[in-house]
Amino acid sequence: MKNILTSQSNFANLGRGNDYERLEDFLNNATVGVHLVDKNGIILYANAAELKMLGYSAEEYIGHNINEFHLRQSALESIFSKLLKNEKINNHEAALRCKDGSIREVVINSNAYFENDAFKHTRCFTRDITENKRVERLLRFLNKAGEELTATHNTQEALDTIIKLVVPGFADWF
């Protein structure tokens with residue numbers, strides 16, 4: 001199969017025929033979430049990975065305001081203010097609300113598309129890091145527990161310490 005992105009001229013020809021369909025297929029079926037958001041915060045496009053990650057159908061997500069899905073509005077405002085200044089976003093952590101009410105912790109990489117110096121839309125790539133964050137919390141707990149337990153030789157004191165460590169974090173582990 002020929003490489004369709006080997007030159008600028010080949011890239012410019014993607015709007016024609018089978019090459020455009022292959023690029024559209026690539027974007028729609030990418031393994032990471034991809035979405036576009038206009039200057040008013042309206043989601044213009046989302047690929048299958050983005051929709052699956054959050055559990056929404058295209059109708060439930062596309063056409064809605066992105067702030068309906070972001071838990072931390074300050075993170076969203078930070079992203080938009082940078083993009084409006086044509087700054088790139090790399091590995092920006094955010095929390096998104098899924099259809100089932102669960103939370104997905106994600107990393108967003110994005111830049112903006114401008115036309116005639118006017119902001120048209122974002123180009124966002126979203127990667128789910130929820131499991132990574134859960135493991136990080138568990139490792140922090142285990143490290144803290146190890147430190148606390150090695151500090152005592154008294155069995156009752158060790159049990160009390162374990163309870164104090166386990167109870168607050170228990171729900172976050174599962």
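**Pockets and cavity: a short walk-through**

About 200 Å³ of space lies in the second largest pocket. A pocket here is an open set of points on a 1 Å grid over the protein atoms alone, with protein on both sides within 12 Å along at least five of seven lines. Volume is the space filled by probe spheres set on the points, which are joined across faces, edges and corners.

Some ground rules. This is a predicted model: local features need pLDDT of at least 70, side-chain atom pairs count only at pLDDT 80 or more, and totals for chains, interfaces and linings use all residues. Residues are numbered from 1 along each chain as its sequence is written, and side-chain values use heavy atoms, with hydrogens and water left out.

Back to the pocket. Its lining is Leu27, Val34, Leu36, Tyr45, Asn111, Tyr113, His121, Arg123 and Phe125; lining residues have an atom within 4 Å of a point. β1, β4 (103-115) and β5 give two or more residues each. Strands are DSSP E runs of at least two residues, helices H or I runs of at least four, numbered from the N terminus. β5 leads with 3 residues. By class: 6 nonpolar, 2 polar and 1 charged. Nonpolar means Ala, Val, Leu, Ile, Met, Phe, Trp, Tyr, Cys and Pro; charged means Asp, Glu, Lys and Arg; the others, Gly among them, are polar.

Next, the cavity. A cavity is a set of points where a 1.4 Å probe fits but cannot get out. There is 1 of 30 Å³ or more. β1 (33-37), α5 (73-84) and β5 (118-128) each supply at least two lining residues. α5 gives the largest share, 3 residues. The lining splits into 7 nonpolar, 3 polar and no charged.
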